[in-house]
Amino acid sequence: MIHRAIRHAAIISAAATALVLASPASSQMIVYDPSNYVQNVLQATRALQQINNQITSLQNQAQMLLNQAKHLVSLPYSSLQAIEQSISQTQQLLAQAQRIAYDLNQIDQTFQRFYPTAYSTTTSSQQLTSDAQTRWQNSLAAYQDSLRVQAGVVQALETTRTQTSGLVSSSQSAVGMLQASQAGNQLVALQTRQLADLTAVIAAQARAQSIEGARVVANQEQAQVQINQFLATGQGYQAQTVQMFH
């Protein structure tokens with residue numbers, strides 16, 4: 001650009017010199033300094049270049065601010081409320097446990113009453129039968145509770161699939177670091193909810209199996225007591241004449 005300006009100034013200077021030589025002499029002559037003109041053109045060119053550089057710098061700064069603003073834009077998609085609701089539903093299913101709940105004091109009291117380590121030989125047959133029925137009802141209720149928790153987790157699978165799809169899509173289309181970070185955090189929260197559901201299922205199944213195992217052990221103790229009572233109080237078998245045909 002500078003070379004073009006110099007060449008342009010040289011052409012103008014040569015033309016001006018030719019006009020001065022061709023014109024008649026007069027009392028006043030216009031003095032033209034080609035070197036001064038060239039210097040002015042060079043200064044103007046430098047000033048224009050500086051202005052262009054400043055404009056480019058401002059444009060770069062503006063673009064940088066826009067990029068920073070994108071990094072601060074919040075993610076428009078959120079699944080946190082749905083995740084919290086799902087966890088709350090699973091907690092409600094566990095809290096609705098029948099008969100023997102997830103309570104330490106209640107478990108201890110129930111086992112002391114209906115799952116004794118030993119029965120007294122004076123325990124009535126009616127009491128033994130009633131305890132056995134209670135234990136059977138406890139096992140049945142525990143298995144039902146386990147199935148209800150499993151059904152709740154299975155029903156939430158479709159919601160989990162929808163949430164995962166939405167979060168992955170939002171993560172892929174994130175325009176800034178904040179959106180990408182928020183999408184990643186929500187995916188972690190979703191995985192945490194799935195682990196909570198899995199923990200609930202395992203806990204419900206283990207509860208049912210533990211109650212049933214305790215029932216089997218208690219029934220064995222009860223059966224031994226009933227046998228001992230029968231042998232202690234019974235008169236044994238005595239042969240009798242039976243008439244089969246009239």
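Start by selecting Arg193. In this predicted model, Arg193 is buried, with a relative accessible area of 2%. Buried means under 20% relative accessible area, exposed means over 50%, and partly exposed lies in between (1.4 Å probe, protein chains only). This is a predicted model, so local features need pLDDT of at least 70 and side-chain atom pairs count only at pLDDT 80 or more, while totals for chains, interfaces and linings use all residues. Residues are numbered from 1 along each chain as its sequence is written, and side-chain values use heavy atoms, with hydrogens and water left out.

**Stop 1**

A salt bridge here is a side-chain nitrogen of Lys or Arg within 4 Å of a carboxyl oxygen of Asp or Glu. Both residues lie in helix α7, four residues apart, about one turn of the helix. Asp197 counts as buried, at 4% relative accessibility.

**Stop 2: the whole fold**

Zoom out and colour by secondary structure. The protein has seven helices and zero strands. Helices (H or I, at least four residues) and strands (E, at least two) are DSSP runs, numbered from the N terminus. Of the 246 residues, 24% are buried.

**Stop 3**

Select Arg207 and Asp145. Their side chains form a salt bridge, at 3.1 Å from N to O. Arg207 lies in helix α7 and Asp145 in helix α5, so the pair ties together parts that are 62 residues apart in sequence. Buried or exposed? Arg207 counts as buried at 8% relative accessibility. Asp145 is buried too, with a relative accessible area of 4%.

Now pick Arg161 and Glu158. The closest N and O atoms of this salt bridge are 2.7 Å apart. Both residues belong to helix α6, three residues apart, about one turn of the helix. Glu158 is partly exposed, with a relative accessible area of 45%.

**Stop 3: a nonpolar patch**

Show the surface and select Leu195, Leu198 and Ile202. Together they make a nonpolar surface patch of about 300 Å². Patches are made of residues with over 30% relative accessible area and no salt bridge; like charges are joined within 9 Å, nonpolar side chains (Val, Leu, Ile, Met, Phe, Trp, Tyr) within 5 Å. Areas come from the Shrake-Rupley method with a 1.4 Å probe, and for residues only the protein chains shown count as cover. Leu195 is found in helix α7. At 55% relative accessibility, Leu195 counts as exposed.

**Stop 4: Gln137**

Select Gln137, in helix α5. Gln137 counts as partly exposed, at 28% relative accessibility.

**Stop 5: the largest pocket**

Finish at the largest pocket, with a volume of about 240 Å³. On a 1 Å grid over the protein atoms alone, a pocket is an open set of points where a 1.4 Å probe fits, with protein on both sides within 12 Å along at least five of seven lines; lining residues have an atom within 4 Å of a point. Grid points are joined across faces, edges and corners, and the volume is the space filled by probe spheres set on the points.

Select Ser86, Gln89, Gly152, Gln155 and Ala156. Of the 15 lining residues, these are the closest to the pocket's centre. Helices α3 (80-95), α5 (125-155), α6 (157-172) and α7 (177-233) each give two or more residues to the lining. The largest share, six residues, comes from α3.
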